[in-house]
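Have the 3D view open and follow along.

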Amino acid sequence: MSEHASEEPPIRLRPLGATGLDVAELALGTWGLSGDGYGPVSNRDAEAIIRRAVELGVTLFETSDAYGKGATESLLGRLLEPYPHTQIATRHGVDRSEKPPRKRFDPAYLEKCLNRTLERLRRPVVDVYLLHNPREETLRNGELRAWLRGLKASGKVRCWGVSVGNAEGGYAALEAEAEVIELAYNAFHSADLANLGAAIAEARAGVLAHSVLAYGLLAGLWPVTKTFPEGDHRRLRWIDAEEISTRIRQLDALRTLQVGDAFSLRGVAVRFVLSNHLVSAAVLGPRSVLQLEQLVREAGKGPPYLDEERLAALPVKLAEVGIRGW
Ligand SMILES: NC(=O)c1ccc[n+]([C@@H]2O[C@H](COP(=O)([O-])OP(=O)(O)OC[C@H]3O[C@@H](n4cnc5c(N)ncnc54)[C@H](OP(=O)(O)O)[C@@H]3O)[C@@H](O)[C@H]2O)c1
């Protein structure tokens, strides 16, 4: 595997807020490779996807110490060891040794997890260290704040941030001086980033956008009768068949952006995310090399990613299909 061993131009870099790091605007997320979220994936396939991502110019790899109970971090550590230019973002704060797993953000626990993560990643420093969805009051805890303030000086972390579940969590994170915010952001779910936009711009925080395909929905390839197998988180998320078929019909609003070189709906979905200048990287979730290559090829090579007039008209189109306050 060689760095950028591709006929394609490398993926564009963007600054990760004011952290001083630049990241390729397409990052590889590894939840789907861990077997935890979408059902089993062979080690061979997971390895092939990570290797191909490096070849294509992905620099940032997003993971969590919870994925595969640490196995996904170990996999990244092993495969990325020969590529010191690559960066790893990982998330802590879920204690899976407890049943049921519980959120934990006490510094003694986090410090222990961070040391284990560094061993698994085979690196002296985590590039982007994220707390996984802490409650707002947790982020106001003085002991945690003091620990976070000392993190960069410890040399174990290049920058830190918070993965948030909504805009309120984002405000609490920015108030705690997080340098990076990770959140769900896609064409059907954009209100949180829109709400936080001014505060993120003022803080000059980096933004990692995940779930850019709304768990695959926005690729536009599902039949209205789509079902999910046991072990796939979407089986529990979309229990109601009526809801899925409604969602699939709502994709017509997004299809209005399918023009020119934005020929595929999944490409439109990724381009929608990249069109937002606040976004540092779209964290992709391919589950095969083919899916990865499709996403990278169809994401566009620079602005404007989408027809600007049609993009401006998207809120009206979404409202017409029943998606408001997006
Ligand atoms: N910080 C956090 O709390 C957080 C939360 C969620 C996700 N993430 C990160 O973000 C990454 C991606 O997010 P996500 O898994 O939530 O959602 P996503 O990227 O919106 O959706 C992933 C799904 O999209 C489908 N897909 C991917 N590439 C495709 C292609 N080329 N054509 C058609 N369908 C395609 C696959 O579905 P099929 O399997 O059906 O093919 C895949 O399982 C995760 O791996 C994870 O690392 C972070």
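Predicted model: local features only at pLDDT ≥ 70, side-chain atom pairs only at ≥ 80, totals over all residues.

Helix α7 covers residues 167-175 and helix α8 covers residues 191-203; they pack at an angle of about 10°, with axes 9 Å apart. On the α7 side, the contact uses Ala167, Gly170, Tyr171 and Leu174, while α8 brings in Asp192, Asn195, Leu196, Ala199, Ile200 and Ala203. Sort the residues of this contact by type and you get seven nonpolar, two polar and one charged.

Now hop over to another helix pair, α2 and α3. Helix α2 takes in residues 43-56 and helix α3 residues 71-80, and their axes come within 11 Å, crossing at roughly 45°. From α2, the residues making the contact are Ala46, Glu47, Ile50, Arg51 and Val54; from α3, they are Leu75, Leu76, Arg78, Leu79 and Leu80. This contact splits into seven nonpolar residues, no polar ones and three charged ones.

| Helix pair | Angle | Axis distance |
|---|---|---|
| α7 and α8 | about 10° | 9 Å |
| α2 and α3 | roughly 45° | within 11 Å |

Next up is the barrel. How many strands does the closed barrel have, and in what order do they run? There are eight, in the order β3-β4-β5-β8-β9-β10-β11-β12, and the pairing is parallel. Going from one strand to the next, the twist averages 25°.

Helix α4, residues 107-121, touches β5, β8 (126-132) and β9 (157-163), and its direction makes about 140° with that of β8. Helix α6, residues 142-151, lies across β8 and β9 and runs at about 170° to β8.

What about aromatic rings? The structure holds seven aromatic pairs. One to look up is Tyr215 with Trp238: their ring centres are 6.1 Å apart and their planes sit at 65°, so this pair is edge-to-face. The two residues are 23 residues apart and link distant parts of the chain: Tyr215 is in the loop between β11 (206-210) and α9 (233-237), and Trp238 is in the loop between α9 and α10 (241-255).

Most residues other than glycine have a negative phi, and most peptide bonds are trans. Against that background, the bond from Lys99 to Pro100 is cis, with omega near -5°. You'll find Pro100 in the loop between β6 (94-95) and β7 (102-103). The bond from Pro303 to Pro304 is cis as well, with omega near -5°, and Pro304 belongs to the loop between α12 (289-298) and α13 (308-312). Then there's Ser211, a residue other than glycine with a positive phi, near 60°. Look for Ser211 in the loop between β11 and α9.

Conventions: Residues numbered from 1 in each chain as written. Heavy atoms only, no water. Axes fitted to C-alpha atoms, helices over the stretch in contact; angles between N-to-C directions. Helix = DSSP H or I, 4+ residues; strand = E, 2+ residues; numbered from the N terminus. Contact = heavy atoms within 4.5 Å. Nonpolar A, V, L, I, M, F, W, Y, C, P; charged D, E, K, R; others polar. Pairing = 2+ DSSP bridges. Phe/Tyr/Trp six-rings, centres within 6.5 Å; stacked < 30°, edge-to-face > 60°.
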